Amino acid sequence: MNLPAYTWINGRIVSTAEARISPFDHGILVGDGVFETLVARRGRPFTPTRHWRRLVASAQAMNITPPEFDAYLSAMLATMQANDLTEARVRVTLTSGDGPLGSDRGESPPTMTVAATPLKPWPPTDTVMTVPWTRNERGALAGIKSISYGDNVRALALAHGEGAGEAIFANTRDELCEGTGTNIFIVAAGKVHTPPLSSGCLAGVTRALVLEACAAAGIAVDETAIPIAMLHTCDEAFLTSSTRDVHPLAKIDQRPMPGVSGAITQRVARAFQDFVAGRDDP
């Protein structure tokens, strides 16, 4: 992987080759931090206000002081400019700073970093597999965009090993929950369904935009608990995320799906594009 030349750390643009974070930073020691991933197009981060609000909510839930909006936005723009990027994937990471060798925190200020890499397109469709591990909808990190991603790393490695592009979790009630970095929607009996936030899934920014776009286009979406078994009987399915937008599925656990030819998935994708067209922060 070719790393970007420059990174933003605690208020300064630094050479990535010389960038340093303390070995006592709690993000490294115990995964004590939160983050946001945004897409930037034409030199501007897309929906920065929505992402900042979620970053603030996650940080407050973890008792970490969040950045002010202007500081957060200027850090992203500076990072993109330093790396000469106009189409980018931008990651803002916030940790609780230096701490002891354990779960107790110290008194250091938070550490904030911003990194940006070129935006790479996804293929027209993706494939998913369900994994044997569950999301805990009652866990301390449920609904928080935490940097504690060990579950996701292991699940995605398993999916990739089986030839799938994304891993899908059920929750502890055997209900459909989410992917490692995506929300999931299915189509059954002509209606769109997606897990509610009470399933333990993350409140995805693109998920919310799709729901709003569907409402504006008159497409009904059912946000109620979905048995995980419905993945094996649904007619269409698609993933959503900041980098994927509406991404049709061609296979679920090796079962062929319509992919880009799914009529309702196409309708949702058009509604989404119409809804966000020309808007920097809808």
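This is a predicted model: local features need pLDDT of at least 70, side-chain atom pairs count only at pLDDT 80 or more; totals for chains, interfaces and linings use all residues.

Trainee: Understood. Where is T47, then?

Mentor: T47 sits in the loop between β4 and α2, and its phi is near 50°, which is a positive value in a residue other than glycine.

Trainee: Is T47 buried or exposed?

Mentor: T47 counts as buried, because its relative accessibility is 1% and the cut-off for buried is under 20%.

Trainee: And what is phi like at R42?

Mentor: R42 also takes a positive phi although it is not a glycine, with a value near 55°. R42 belongs to the loop between β3 (33–41) and β4 (44–45), and it is exposed, with a relative accessible area of 67%.

Trainee: OK, on to the helices. How far apart are the end C-alpha atoms of α5?

Mentor: They are 18 Å apart, and this agrees with expectation, because the 13 residues of α5 (residues 205–217) should span 18 Å at 1.5 Å a residue. Just after α5, G218 takes a positive phi of about 75°.

Trainee: Which residues of α5 are buried?

Mentor: The buried ones are V205, T206, R207, L209, V210, L211, A213 and C214. Their packing partners are the helices α2 (48–61) and α6 (263–276), together with the strands β10 (183–188), β12 (221–222), β13 (236–241) and β14 (245–252).

Trainee: How do α5 and α6 pack?

Mentor: Two packed helices are described by the angle between their axes and the distance between the axes. For α5 and α6 the angle is about 100° and the axes are 8 Å apart, and the two helices are therefore roughly perpendicular to each other. On the α5 side the contact is made by T206, L209, V210, E212, A213, C214, A216 and A217, and on the α6 side by R267, V268, A271, F272, F275 and V276. Sorted by class, that contact has 11 nonpolar, one polar and two charged residues.

Trainee: What about α2 against α5, at what angle do they cross?

Mentor: They cross at roughly 125°, with axes that come within 10 Å, which means that α2 is oblique to α5. The crossing of α2 past α5 is right-handed. In this contact R50, H51 and R54 of α2 meet V205, A208, L209 and E212 of α5, and the residues divide into three nonpolar, one polar and three charged.

Trainee: Then how does α2 pack with α3?

Mentor: Helix α3 (residues 69–82) packs with α2 at an angle of about 120°, and their axes are 11 Å apart, so α2 is oblique to α3. Here α2 passes α3 in a right-handed crossing. The α2 residues P48, T49, H51, W52 and L55 meet F69, Y72, L73 and M76 in α3, and the contact divides into seven nonpolar, two polar and no charged residues.

Trainee: Back to α6 for a moment. What does T265 touch?

Mentor: If residues up to four places away in sequence are not counted, T265 touches E236, A237, F238, V246 and P248. T265 lies in helix α6 and counts as buried, because its relative accessibility is 3%. From T265 to V187 it is 78 residues in sequence and 8.0 Å in space, C-alpha to C-alpha.

Trainee: Changing topic, where does L94 lie?

Mentor: L94 is in strand β5 (residues 88–95), and at 3% relative accessibility L94 counts as buried. Leaving aside neighbours within four places in sequence, the contacts of L94 are G33, V34, A59, I64, T65, P66, P67, P110, T111 and M112. N152 is 58 residues from L94 along the chain, and their C-alpha atoms are separated by 19 Å.

Trainee: Last one: is H26 buried or exposed?

Mentor: H26, which lies in helix α1 (residues 26–30), counts as buried because its relative accessibility is 0%. Not counting residues up to four places away in sequence, H26 touches a list of residues that includes D32, S96, D98, P100, S103, D104 and R105, with the glycines G31, G97, G99 and G102 also among them.

Terms used:
Residues are numbered from 1 along each chain as its sequence is written. Side-chain values use heavy atoms; hydrogens and water are left out. Helices (H or I, at least four residues) and strands (E, at least two) are DSSP runs, numbered from the N terminus. The expected span of a helix is 1.5 Å times one less than its number of residues. Buried means under 20% relative accessible area, exposed over 50%, partly exposed in between (1.4 Å probe, protein chains only). Contact means heavy atoms within 4.5 Å. Axes are lines fitted to C-alpha atoms, for helices over the stretch in contact, and angles run from 0 to 180 degrees between N-to-C directions. Angles under 35 degrees count as roughly parallel, over 145 as roughly antiparallel, 65 to 115 as roughly perpendicular and the rest as oblique. A crossing is left-handed if the near helix is turned anticlockwise from the far one by less than a right angle, and right-handed if clockwise. Ala, Val, Leu, Ile, Met, Phe, Trp, Tyr, Cys and Pro count as nonpolar, Asp, Glu, Lys and Arg as charged, and the others, Gly among them, as polar.
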